[in-house]
Amino acid sequence: MKKFWILFLLVVFSRNSNAQELNCTVNIITAQVEGSEKKIYNTLQTAIGEFMNNTTWTDDKFTNQERIECSIQITISDRTSSDDFKGSIQVSVRRPVYKTSYYSPLLSFNDENFSFKYIEFQPIEFNETGTNPNLSAVLAYYAYIILGLDYDTFSPSGGTPYFQKAQSIVSRMQNVPDKGWKSFESTKNRYWLAESFSNPIFRPLREFLYIYHRQGLDIMTEKKEDAVNNIANAIESLKKVHSEIPASFLMQTIFYAKSDEIVNIFKDAFPEVKTRMISTLSEIDPSNLSKYQTISQK
């Protein structure tokens, strides 16, 4: 079993050893596409959902209750031919918190360079060792990013194998014309997301994810003061990452998802903790400064 937190539950669940890893909700937005036949988008939405949720991505066994909650929203901006599409893909991931009904956001990333070919009713397939069409390559890439993030929150650097798989997809897609895979195209794309998660410089950020969730949120209902202090210390540990790579893409991506939650965690903290956190967060994540300043308002 992949996540030991489920062992703490006293309720006996009916188990399905064949359950896949992801519970992914898919939504296709087509408002920008004028005069385009709509049925194909419903078919595409179903096909993507089946691909994400029915593919076996790991060697681990998941129960239905353990499946990772995530969502994909694809906004179609242009249909250049009957089977060629352009748009963006928004990927979101959330993680359950022990002894609560709350889900903590891990990622909310909008990939603005997404073009793909799709022939209606043709199954979406992925070859892990070969070159793939852009649609299946992008979807598999984000499946591994989702897995890597989730695993990192349950064990230190637990997501490494999946970030490596995402990076392997990037390597195999270097010769394709589709955008989003190459380092020189942007500083905020698929290439840099996978590279950052695999870069030793960002190891403290991945350690932060583990401490924040397992030694922070997961003990919040039983040991709130310890949980808040652990989260505060984990945030302060990121000063080193910030000093080496200020305003890094990965740091911005993580804090874009976590900033509101962080504010809520520290609003009830002791005054000295609030002061320390406002100072640290303002330094390492200045783009969300206005949010962090509200920590002191209660």
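Helices (H or I, at least four residues) and strands (E, at least two) are DSSP runs, numbered from the N terminus. The expected span of a helix is 1.5 Å times one less than its number of residues.

## Basis of the description

This is a predicted model, in which local features need pLDDT of at least 70 and side-chain atom pairs count only at pLDDT 80 or more, while totals for chains, interfaces and linings use all residues. Residues are numbered from 1 along each chain as its sequence is written, and side-chain values use heavy atoms, with hydrogens and water left out.

Helix 5 covers residues 203-214, 12 residues in number. From its first C-alpha to its last it reaches 17 Å, close to the 16 Å expected at 1.5 Å a residue. The buried residues in helix 5 are Pro204, Leu205, Arg206, Phe208, Leu209, Tyr210, Tyr212, His213 and Arg214.

The axes of helix 5 and helix 6 (residues 224-236) come within 8 Å and cross at roughly 170°. That makes helix 5 roughly antiparallel to helix 6; angles under 35 degrees count as roughly parallel, over 145 as roughly antiparallel, 65 to 115 as roughly perpendicular and the rest as oblique. Axes here are lines fitted to C-alpha atoms, for helices over the stretch in contact, and angles run from 0 to 180 degrees between N-to-C directions. Phe208, Ile211 and Tyr212 in helix 5 meet Asn230, Ile231, Ala234 and Ile235 in helix 6, where contact means heavy atoms within 4.5 Å.

Glutamine 215 is placed in the loop between helix 5 and helix 6. Glutamine 215 is partly exposed, with a relative accessible area of 33%. Not counting residues up to four places away in sequence, glutamine 215 touches Tyr210, Ala227 and Asn230. The C-alpha atoms of glutamine 215 and lysine 267 are separated by 19 Å, the two residues being 52 residues apart along the chain.

## The sheet

Strands of a sheet pair through backbone hydrogen bonds, either parallel or antiparallel. In this model an open sheet of 4 strands has the order 1-2-3-4, with mixed pairing; two strands pair if DSSP finds at least two bridges between them. Strand 1 (22-29) and strand 4 (103-117) are the edge strands, each pairing on one side only. From one strand to the next, the twist averages 15°.

Strand 1 and strand 2 run parallel and are joined by 8 bridges, and isoleucine 28 stands opposite isoleucine 74 in strand 2. Strand 3 and strand 4 are paired in the antiparallel sense over 12 bridges; aspartate 111 in strand 4 is the bridge partner of isoleucine 89. Helix 1 (residues 39-54) packs on the sheet and touches strand 1, strand 2, strand 3 and strand 4, with its direction at about 160° to that of strand 1. Helix 2 (residues 134-154) also packs on the sheet, touching strand 1, strand 2, strand 3 and strand 4, and its direction makes about 165° with that of strand 4.

In strand 1, Leu22, Cys24, Val26 and Ile28 form a covered face, while Asn23, Thr25, Asn27 and Ile29 form an uncovered one.

## Helix 9

Helix 9 (residues 271-284) has 14 residues, which should span 20 Å at 1.5 Å a residue; its end C-alpha atoms are 20 Å apart, in agreement. Its buried residues are Val273, Lys274, Met277, Ile278, Thr280, Leu281 and Ile284. The cover over the buried residues of helix 9 includes helix 6, helix 7, helix 8 (249-266) and helix 10 (289-293).

## Salt bridges

The whole structure contains 14 salt bridges, a salt bridge being a side-chain nitrogen of Lys or Arg within 4 Å of a carboxyl oxygen of Asp or Glu. One of them joins the side chains of arginine 94 and glutamate 69 (3.9 Å, N to O). This pair links distant parts of the chain, with arginine 94 in strand 3 (residues 84-96) and glutamate 69 in strand 2 (residues 68-81), 25 residues apart. Arginine 94 is partly exposed, with a relative accessible area of 38%.

The side chains of arginine 214 and aspartate 218 meet at 2.8 Å, N to O, and both residues are buried. Glutamate 244 and lysine 240 form a salt bridge at 2.7 Å, N to O. Both lie in helix 7 (residues 239-244), 4 residues apart, about one turn of the helix. Glutamate 244 is partly exposed, with a relative accessible area of 41%, whereas lysine 240 is exposed at 51%. A network of salt bridges links Asp83, Asp84 and Lys117.

Technical notes:
Buried < 20%, exposed > 50% of the residue type's maximum accessible area, 1.4 Å probe, protein only.
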